[in-house]
Structures are given as structure tokens and as C-alpha cells.
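Reader: I would like to go through the interfaces of this model, one question at a time.

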Amino acid sequence: MKHLKSALLIAILAAAICFPLYTGTYLHRIAANILIYTTLALSWDILLRSGQISFGMSGFCGIGSYAAAMVCLELGISPLLSIVLGGLVAGLVAALLGFAVLHLRGMYFAVVTLAVAEILRVIVSNLSVTGGTVGKLLPGVIFGGNSFEIYWLMLGILLLTIALSELFERSRIHFALTSIRNNEIVARSTGIDIFKYLVFTFALVSAIQGIVGAASAQINAFVMPETSFSLNFALLPLAMALFGGVLSTPGPVIGGVLLGILDEVLRVQIPSGHLLVYGIVLVVVVLFMPNGIVRAAKGQIQRIRIQRIRTTS
Amino acid sequence: MSNKRRQRICLAAGIGAAIAVLAFWKPVALIYGLQAGGLYALVALPLAVALGIVGILNLSHGTLLMLGGYFAFWASTLWGVDPLVSVAPLLLVFFLIGMLLYRTTIRRALNATLFSQLLLTFGLYMVFQEVANLLWRGNARQLSISYSSASATIGSITFGTSGFIYLAAAIALVVGLVLFLRRAKTGQAAVAVGQNPRGAQLCGINKDRIYLLIFSLTVAITGAIGALYVIRYAIFPAVGMPFNLKGLCLIAVAGEGNLGGIVWFALLLGIAESLIRSFPGYGGWASIVFFALLIAGILVRTQRERRR
Amino acid sequence: MRRNLTSLVCVSVALVLMLGVALAGCGEPTSTPSIKLGAVFPLSTTIGQEQQKAAQLAVMEINSHGGLLGRNVTLTVYDDGNDPTVAAAAVTKLCTVDNVNVLLGGMASATSLGVAPVLKTYQKATVWLGGASHLFEEAMVGCDWFFHIHPWDYMQAAQQWVALTTVATDNSCPLQKIFVAYEDSAFGSTSYALLQASLVPLGYNVTGQSFTSAYYGGTGDFGSLVDAANTFDPDYFAVIGYDADILPLLGAMKEQAFNPPLILGAPPSWPVNFGSDPLSEGITGFTMWTPALKDISPAAQTFYYAYIAEYHEAPPDYIGPLTYDNVMIVADAIQRAGSLDKAALITALEATDYDSAVGDDDVVFAPSNNITHQASFTVKLFQWQAGVAEIIYPYEVATANFTYPHPAWPS
């Protein structure tokens with residue numbers, strides 16, 4: 001069973017890497033976009049494991065975008081390096097912010113993250129050095145617009161995030177975050193420095209979001225407050241993670257890929273009104289598969305196995 | 001005199017002084033701030049009740065307001081029914097809609113995790129908004145109501161008075177809700193269910209029926225507020241979301257059980273925004289003020305709770 | 001238990017089916033060698049839908065007259081999702097999967113910016129309608145295959161100012177003190193900045209206050225803004241916002257008894273049935289087209305009635321006729337070029353001299369700040385009079401005289 005699972009994973013990985021070789025530029029671009037949102041969904045989930053819900057992803061994506069754009073334009077730094085720097089800046093801002101607001105919990109924390117993201121957007125819109133509301137043009141698309149390399153870049157970022165997520169799941173951090181999520185008092189009494197874990201996790205996921213934002217800016221070759229701080233970055237990944245199943249690695253990934261494909265398919269088939277079907281799908285899934293598709297599928301496989309055992313014995 | 005009482009009196013005096021200063025220095029900002037604050041409070045109150053008692057964060061709240069607004073708009077455009085007159089039938093219609101929503105979707109989600117509830121109400125929000133988009137298109141529509149630009153003059157200040165509808169409705173609503181929750185038997189049962197659902201059930205309270213009643217009530221109120229909204233503002237499918245956000249923020253600052261506090265903060269917010277906008281050149285900072293106040297309020301509140 | 005399984009199977013089957021259908025629709029081979037036009041519009045918005053209708057109307061007309069160069073014309077339209085990345089993917093599809101001959105369309109500046117790199121990769125003959133931001137113009141420097149329809153933001157600002165000052169001078173209206181209420185996103189802020197930059201050095205007293213448009217989360221309170229404007233007592237009060245903001249703002253002006261002699265609104269489109277609201281009387285605005293032009297311009301009239309005949313409603317705003325012109329300009333060039341060869345198309349487009357459905361005659365392409373092929377569409381000053389949007393300026397296409405000052409507010 002374990003070997004089957006590993007073989008399956010390797011096959012999926014190989015397919016993902018070879019995907020651009022068998023498809024056209026158009027599908028490369030769609031896939032890269034789906035990867036962007038899937039990475040965000042997974043990064044949101046990582047923070048969720050500590051019990052904290054964040055609505056501030058658009059803010060860190062925006063910071064990453066603008067940081068990458070400014071270092072590229074002002075200091076002539078290469079696009080790839082600027083993406084890394086964008087992530088670092090976002091992570092730094094998150095760490096500083098975290099010290100101030102990470103003692104908040106639940107809805108309070110969520111609302112504050114949203115407020116901070118909006119404040120950042122307004123500030124950037126009012127600064128002339130960042131181009132104000134008009135935005136700034138970047139010298140060119142990263143990799144000269146080569147859709148293969150763009151796809152592999154986004155795939156690499158997603159794989160990095162998956163690795164991070166699995167690391168969190170398999171290390172001591174998993175227990176720390178889970179215990180914080182379940183019962184803080186108990187967690188504290190076991191000697192865990194809750195605050196340290198929260199700030200670390202928050203900074204890390206925000207750095208990922210900054211990297212995604214920076215990559216997105218380099219792919220689009222421009223930054224603009226409306227698009228770099230778009231609320232789509234804050235809301236759609238949530239739906240993807242919830243759809244696939246939160247608090248796990250495969251959940252947000254599968255949810256992101258499925259919903260991303262669904263969104264594109266619907267857009268092509270039903271140009272005006274695909275959002276309606278999207279909403280209906282979400283409602284139906286919640287009513288009948290409240291723990292996400294992955295767990296529902298796993299549960300179903302379990303049941304089939306049990307049935308088989310029962311009938312054979 | 002106890003410490004707490006002294007604090008309260010100081011606070012009241014401070015507020016009174018601030019209002020007096022504003023009344024002389026920026027009377028227009030004060031007046032319009034109160035009106036805007038009234039609207040914020042109106043929108044936040046049903047959301048708070050749904051959250052506090054039923055325990056559900058209804059992300060489709062803003063779209064319900066939008067749908068109520070469209071009902072009132074078409075009633076006025078097609079049959080000449082004044083929005084104020086639409087309030088009563090809307091209460092009824094949306095109560096039924098709330099019951100339908102509860103029975104078909106919300107009830108099942110209550111047993112699931114918080115995340116499922118968020119996803120469900122988010123899905124509902126998308127469905128409602130897109131249905132409105134498909135039916136009525138995204139363009140803004142506005143009623144031409146004669147009294148919506150009614151005005152009065154005090155001294156040298158001329159100002160609009162129709163916005164006080166929101167303030168009056170907010171006060172009436174909060175008073176009504178508080179009386180209901182504290183005095184009426186059903187209301188008290190509702191509070192019990194909100195505080196400790198299992199305990200309340202053990203006491204013989206029918207939890208499900210309370211949820212149904214309260215949820216439908218909040219949907220009814222929200223739909224009716226839509227009618228009030230179209231008196232002064234344009235209606236379009238995406239109109240609800242910003243109110244969702246502001247309502248949520250107010251609840252976060254004041255606390256979901258603190259209905260009176262929500263009204264106070266809403267007024268404070270309205271006045272602060274209005275004040276900032278009265279300085280030419282600084283209008284863009286009004287939204288930052290909103291978020292900054294929000295963050296400050298939350299931080300102060302949690303500090304106070306930690307100290308306790 | 002069973003319910004979970006059933007629903008899981010249903011969802012999976014549905015997804016697979018839809019995926020299959022979508023992929024099947026991807027690589028459709030074309031059987032006849034038709035002339036292929038490709039466009040992206042924001043189909044999830046009313047403006048995009050209007051664009052699609054107008055473009056399809058144009059194609060239908062072309063084909064009913066025997067097509068172009070003896071061949072049928074097909075128009076492939078994709079939704080740009082109002083998002084730069086989606087727009088880029090859509091245009092990529094048009095260029096790689098559908099292999100269109102000419103690209104057109106576009107609406108918002110953000111989506112146009114997202115599309116710019118893709119346009120420069122494939123370098124097809126492009127007559128792009130959308131994007132008014134000068135940033136987009138900078139992105140398209142040096143692209144000799146690129147033609148642009150919509151006036152740039154600075155062009156609009158300059159044209160508007162010429163229109164306004166000319167009419168004001170001819171009607172003896174003072175224009176010294178100006179108050180601008182502008183919405184705080186790119187649209188409003190840029191317009192205000194441009195206005196200030198050009199007017200203040202000329203000695204005008206310009207001040208303004210921003211507001212958050214209802215479309216971007218603003219909750220519509222204009223009390224303080226109107227009060228500030230009232231205190232300033234301007235000769236000219238301008239509103240740069242969206243349709244949802246216009247009537248609440250006018251209502252706030254009425255209730256504070258603020259009545260400047262000249263009021264102007266510049267939303268991309270006006271609220272539905274604005275003319276039937278008594279508050280509309282005497283309000284001026286800038287636009288590229290109003291229905292009144294059908295009585296002045298033959299081309300505008302033809303388009304107007306053809307649109308009504310096909311879609312049983314009047315075109316809501318200038319985007320309809322402008323998109324129709326977009327397609328017709330391309331068709332006219334193809335006809336004159338006699339082939340689909342890119343160089344021939346570019347030469348033919350450069351020689352364009354077109355009488356447009358928005359009422360502008362003799363539209364040509366000429367250099368603007370950063371590109372060489374900008375269409376010469378101009379902005380017109382109009383005024384709401386008795387519920388009709390009458391054109392005031394340019395005088396060659398005027399349908400009524402300017403009324404000044406703004407009348408008393410209706411009771």
C-alpha cells in the first residue's frame with residue numbers, strides 16, 4: 001500500500017513536470033495561474049493549523065510584488081533574485097506585524113489581517129514613488145516570457161511549499177501547532193512558547209505569499225495597487241483550501257487544482273455566469289462533503305475496503 | 001462613588017464635550033457622521049445577533065441586504081410602492097426566505113466546522129450576487145424619491161435630513177432587540193442558547209426552533225434594511241460586500257453580545273470618517289482611519305480582557 | 001454514507017465531463033479558410049457584454065454583405081475575466097490555438113497591461129480598443145503593428161479642457177475656481193492629478209476632495225465633501241466617479257443647497273434612466289457618444305437602429321458604437337489591403353479614414369506621446385436637457401445649445 005502511494009506520488013510529480021512538454025502555451029499560462037492560487041491556498045492552510053485564520057494574504061502578495069518591482073527598477077536586480085527579495089520583505093513585515101497582533105485570536109486576528117492588508121494597499125496607492133494608483137511597468141516579463149520556464153517556476157514554488165507543509169506536519173512543529181489550535185492553556189502548560197511558534201509560522205507563510213506576489217508581478221510585467229493587492233488573493237485560496245479539505249497537505253493542493261480547472265472550464269463554456277455555478281458547487285460541497293473532497297474521498301475508499309473485508313471474511 | 005461609575009461618568013462627559021466641540025466646529029461632519037453611523041449600526045446589528053446566538057458568521061449578509069434593496073427598487077419602479085411602505089412586506093418575505101435558508105442549508109452546517117460555515121455562506125454570497133447580476137445587470141440603479149433630498153436649516157447650516165432615517169431605525173432596532181432579548185421569554189431563551197447551547201437544551205429549550213426563529217429574524221431585518229438603503233443610495237449587485245466588512249469590524253471591536261456598544265462604535269466610525277473627509281486633500285485617508293480605529297479598538301479590547 | 005458516495009461520484013463525473021468538453025473545444029480545426037478575428041472582452045460585466053454584442057453585430061453586417069475578400073469573417077471572443085493574468089491567457093489562446101489574423105478588443109487598463117507582453121510576443125496586427133492608462137502606452141512603445149482606439153488618459157484630459165474652456169468662453173461663464181470630487185482609485189486620482197498639473201500652472205484655483213466610490217467599498221456619504229465644496233464656492237464643480245456615485249452626490253448637493261453654476265460629471269457610464277431623474281437637468285458631462293448623435297451623423301444613425309433591431313434595446317453607452325467601430329476599422333483595412341499579409345494590413349490601417357458610429361468623421365491614426373498609431377476619436381461635451389443627453393461641443397456635431405447657469409434644484 002505504501003509503495004503504491006509513493007509510486008502514485010512520483011507519477012503525479014513526473015506528470016506535473018512534463019506537463020508543458022505536451023501542451024500549448026495557452027495551457028501553460030492557465031496552469032501557472034492555477035499554481036499561484038494553489039500555493040496561496042496551501043500557505044493559508046499552514047497558518048490555519050495553528051488555529052489562526054488570516055484574511056490578509058492580498059496584503060503580503062502586494063508587498064512582495066512591489067518590493068520585487070522596486071528592487072528591479074531601482075537597483076537593477078535580476079527578476080529571479082527580486083522574487084526571493086520580495087518574499088523576504090513580506091516575511092519581515094509579517095514578523096514585525098506579528099509581534100503586535102499575534103496575541104489576538106480567532107475572528108479578531110482575521111479582521112485585523114484584513115484591515116492591515118487594506119491599509120497597505122491604500123498607503124501604496126498614495127505614494128508617488130511606487131507609481132501611485134497608476135502603478136509601474138517592469139522592464140520585461142521574466143524569462144523573456146517563456147511560458148515553459150514560468151510554469152516550472154510556479155511549480156517549483158508550489159513544490160517548495162508542499163515540502164514546507166510536510167515538514168511542518170512531520171516535525172515537532174506539528175504537535176506545537178495542533179496543541180495551540182486545540183487548547184492553548186494546555187499547550188502553554190507543556191512549556192511551548194506559543195508566541196514564538198505563531199510568529200515564526202506567520203512570517204514563513206507570509207514570505208511564501210510575498211514570493212507568489214512577486215512572481216505574479218514579474219509574469220505580468222507590471223504592478224498596480226488594484227491588481228497586486230487584489231482581494232482575489234485573499235478570498236479564492238480560502239475557498240480552494242476549504243473545498244479540498246483543510247489542515248492537511250493534499251487537501252488545499254487538490255482543492256486548488258480542481259477549483260482552478262473548474263473555474264477556467266466554466267469561464268470558457270459559460271462566459272457570463274460561471275461564478276454562479278462556482279457558488280452553487282461550493283454550497284453543494286459544504287452540504288454534502290463538509291470536510292472537504294479529499295477526506296470524503298478517503299472516507300469512501302475506507303468504506304469500500306471495509307466492505308470488501310466484510311464480504312471476504 | 002465606585003471606580004467604575006467614575007470611569008463611566010468621565011467617559012460620558014468626554015463624549016459630550018467632544019460632540020459639543022464638533023457641533024460648533026464641524027457641524028455638517030457631525031450630522032452626516034451620525035447618519036452614516038446609523039447605517040453602519042443597522043447593518044451590523046443583525047449580523048451580530050446571528051453570530052452571537054446562532055453562532056454563524058453569515059457572509060451572505062450583505063447580499064441579502066442587496067436583494068432586499070432590489071425588491072424595494074422594483075416595487076417602487078413597477079408599482080409605485082414607496083420604499084418605506086415596502087419595509088413591512090419585506091420583513092415578512094425575508095423572514096420566509098430566512099426560514100427556507102435555515103432549513104435547507106444553514107442547519108446542516110451548524111454541526112460542521114467553522115470553516116464549513118464560512119465556505120457555505122461564502123457560496124451563498126456568490127450565488128445571490130451572480131443571480132442579481134444575471135437578472136438585473138451590474139449597472140447602478142437609483143430611485144427618484146422626493147423626500148430623499150429633504151433638508152433643514154439651522155442657523156447658517158443647511159443639511160439633509162433623510163439620512164436620519166438610518167439613525168432612527170438603528171436606535172429603534174437596538175432598543176427593540178435589547179428589550180426582546182432581556183424581557184421576552186423567547187428572547188431570554190435565545191440568549192441562553194447563544195451562551196451555552198447544550199446547557200440550554202438540557203433546560204428544555206428547543207435549540208433548533210430558537211435558531212430557526214433568530215436566524216430568520218436576522219434575515220428579515222437585513223432584507224428590510226435594503227428598502228431603507230435604496231431611499232438614498234444606488235443599488236447594484238456588488239453593493240453588499242463593503243457593509244459586510246464594516247459590520248464585521250464593528251462586531252470585532254465591540255463584541256458580538258454588546259449590541260449597544262456596536263451602535264456607539266458605529267456612530268464613532270461614521271463621525272470619524274466624516275470628519276476626515278471635511279478636510280480637503282485628506283479624503284483618501286478616511287479608509288485608513290477606519291481600519292486604524294478598528295485595529296486600535298481590537299487591541300485595546302483584548303488588552304482589557306487579558307488584564308481581567 | 002450512500003449520499004456521500006453518490007455526491008462524490010456526481011461531482012467527479014461532472015468535473016471530468018466539463019474538462020472533456022473544454023479540452024475537446026480547444027483544438028477545433030477550421031474547415032473553411034475564413035478570416036479570423038479575435039477579441040477579449042470582460043464578459044462577466046455589462047460593458048463587456050455590450051462590447052460582444054456590438055462586435056457581433058459588426059461581423060454579421062460584414063458577412064451579410066459577402067464577407068471580406070470574398071471570404072467569411074469569424075470573430076472569436078474570450079472572457080478576460082477583468083483580470084490581467086486571465087486576459088493574458090485568453091489572448092495567448094487566440095494567438096496560438098485559434099491562430100487569428102487580427103487581434104482587437106480589450107477594455108480595462110489593468111487587463112490591457114496584462115496583455116501587453118503577450119501582444120509583443122506574437123506581434124500580430126492588433127487594433128486594440130481598451131486601456132486608457134498612459135502606462136499601457138509606455139508598454140507598447142516601438143510596436144509598429146499596434147493600433148489603439150480609445151483616447152489616452154492625458155488626451156481625454158486635454159480634449160475635455162479645450163471643450164470646456166471653449167464653451168465657457170463662448171457663453172461668458174467664469175471658470176476661475178474649480179472644485180473636483182474624485183474617486184480614489186486609479187481612474188479618479190489620475191484624472192485629478194492630470195487636471196491639477198495642467199491647470200494650476202495656468203493660474204486656475206483648483207482644489208478637490210476624494211471619496212471612495214460605491215463600487216470599491218465606499219458607503220456613499222458625501223456630506224462633508226459637499227460642505228467643503230460649498231465653503232470653497234467654486235465656479236465649476238466636477239465629479240470624477242462611477243455611475244453609482246452620481247445621484248447620491250447630486251442629492252447631497254441639493255440637500256445642502258449647494259448650487260454651483262456649472263456642474264460636470266465624468267463617469268464611464270451614467271446610471272440607468274438618469275435622464276428621467278429631475279436632478280439630471282442641466283448636468284454636463286464628457287462622453288464619446290450619446291444617442292442624440294443619431295440625428296446628426298449618418299453612421300451613428302445606422303449603427304443605432306441596427307443595434308436596436310438586433311438586440312431590442314438601445315446601446316447603453318459609448319462602448320457599443322466604439323467597439324463596432326473597432327471591428328469596422330479592421331474590416332475596412334483588410335478590404336483595402338486586399339490580403340491578410342501583416343505588412344499590407346499595417347499600411348492599409350495607417351491609411352484609415354473612417355466615419356464612425358460614435359459620430360466622429362474622418363477618423364485617422366496619428367502619433368501620440370509614445371506610440372505611432374493612435375485613433376483620432378475625440379471626447380464631446382454634452383448636457384442633460386429635459387432628460388436627453390444633448391451634444392454641446394464640438395459645434396459640428398452639436399444637437400442643442402448650452403444652458404447656463406445650472407438651474408435651481410427641483411423641489
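Author: Contact here means heavy atoms within 4.5 Å. This is a predicted model, in which local features need pLDDT of at least 70, side-chain atom pairs count only at pLDDT 80 or more, and totals for chains, interfaces and linings use all residues. Residues are numbered from 1 along each chain as its sequence is written, chains are lettered from A and ligands numbered from 1 in the order in which they are written, and side-chain values use heavy atoms, with hydrogens and water left out.

Reader: How many residues does chain B bring to its contact with chain A?

Author: Both chains take part in the contact, and chain A brings 37 residues. The number from chain B is 39.

Reader: How much area is buried between chain B and chain A?

Author: Buried area is the accessible area (1.4 Å probe) that two parts lose on being put together, summed over both. Between chain B and chain A, carbon and sulfur atoms give 86% of this area. The total is about 3,300 Å².

Reader: Which residues form the salt bridge between chain C and chain A?

Author: A salt bridge is a side-chain nitrogen of Lys or Arg within 4 Å of a carboxyl oxygen of Asp or Glu. Between chain B and chain A the count is zero, while between chain C and chain A the rule finds one. Its N to O distance is 3.9 Å, and the residues are C:Asp79 and A:Arg267.

Reader: How much area do chain C and chain A bury between them?

Author: Here 46 residues of chain C are in contact with 37 residues of chain A. Carbon and sulfur atoms hold 73% of the buried area, and the total is about 3,500 Å².
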